[in-house]
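This report describes the nonpolar cores and the strand arrangement of one model. Please consult the sequence and structure shown below.

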Amino acid sequence: MQYAVELEELGRQITEASRFLEKAEEQLSRRIIGQKEVIQRVFIALLVNGHILLEGVPGLAKTLIIRTFAAAMNLKFQRIQFTPDMLPADLIGTMIYNPKDMEFYPRKGPVFANVILADEINRSPAKVQSALLEAMQEHQVTIGNQTFPLQEPFMVLATQNPIEHEGTYLLPEAQVDRFMMKVLVDYPSYDEELEIMLQSATTATDKEITAVVQPDDIAKARGLIDRIYVDPRVQRYIVDLVVATRKPALYGMESLETMIEYGASPRASIFLLLASKAHAFLQNRPYITPEDVKAIAYDTLRHRIRPGYEAEADNIRSDDIIRQILQHVQVP
């Protein structure tokens, strides 16, 4: 009985604490039409300290969503255009020699911000992409022999174009695994595109966005998310889904054994639990359900499963594999 009362009180606190997201969403709707799911995923990543890889063809407002999101959330925004001739120092900074003092001083790069847009991240070689690893994992940057902490909150939102391969580089697997989610940005509906055309076909500047969030709002929300209840059966369900990507035969899916070259790492279990908690938070619930896990499973797992040769020959993608796993793994 006492626990039920505590859970009800937590639900009330979550409802109250999540109101800042409604204000931010209202500001986003002034510029962004549609793409509700993408915006929700960005909120989820912010709430649980995650990073997102956005994949979609040009012109789907990926950059506009991120820039508007940062403005509404009152966060320092930095857009970094990745190019083939870029160097790691262009990203994190470098040591500058001062002839007057005859000493080297660190000059910080654009990564020192709250929201980093790594635009077209696959246009730079691996040495530049991997320069983000320390920032994404440890939330710090080392320049020379000095290490500098990054300001919280810190998140990287990277974009890449899936249809253009000339002059691009595959992201290293260690880099890909650092992203909590890989979100596919799709075309708008007919009505949404009509509204986009009427709103954007003008010579006027973009509508002003008001910063409606304070850093304390984000910190308070993160504290409540840590308290969201997870039933042991749901915990095991999450692990079952991840293990099934590595050993599908254990769950009666022998046909997938040759379809998967390698499955998701334990980091997937961590991110799937965190993202599920944030999804429940957005629904104003003090506990997560299997439906929360299913809702976020594709975004969390699709970039952590590499289809094997047979899967590629049969045009089976990672999303198809995840769909089969969700159908076969028993739901608590």
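How many bridges join strand S1 to S9? Four bridges join S1 (residues 52–55) to S9, and the two strands run parallel. Strands are DSSP runs of E with at least two residues, and helices are runs of H or I with at least four, numbered from the N terminus. Within this pair, Leu 53 stands opposite Lys 182 in S9.

This is a predicted model, in which local features need pLDDT of at least 70 and side-chain atom pairs count only at pLDDT 80 or more, while totals for chains, interfaces and linings use all residues. Residues are numbered from 1 along each chain as its sequence is written, and side-chain values use heavy atoms, with hydrogens and water left out.

S1 and S9 belong to an open sheet of five strands with parallel pairing, in the order S2-S5-S8-S1-S9; pairing requires at least two DSSP bridges between two strands. S2 and S9 stand at the edges, each with a single partner strand, so one side of each lacks a neighbour in the sheet.

| Strand | Residues |
|---|---|
| S1 | 52–55 |
| S2 | 77–81 |
| S9 | 181–184 |

The largest nonpolar core has 74 residues, of which Phe 69, Met 73 and Phe 281 touch the most other members. Such a core joins buried Ala, Val, Leu, Ile, Met, Phe, Trp, Tyr and Cys residues through side-chain atoms within 4.5 Å, where buried means under 20% relative accessible area (1.4 Å probe, protein chains only). Helix H3 (residues 36–47) gives the most to this core, with eight residues. Apart from this core lies another of 27 residues, including Leu 53 and Phe 82.

Conventions. Buried < 20%, exposed > 50% of the residue type's maximum accessible area, 1.4 Å probe, protein only.
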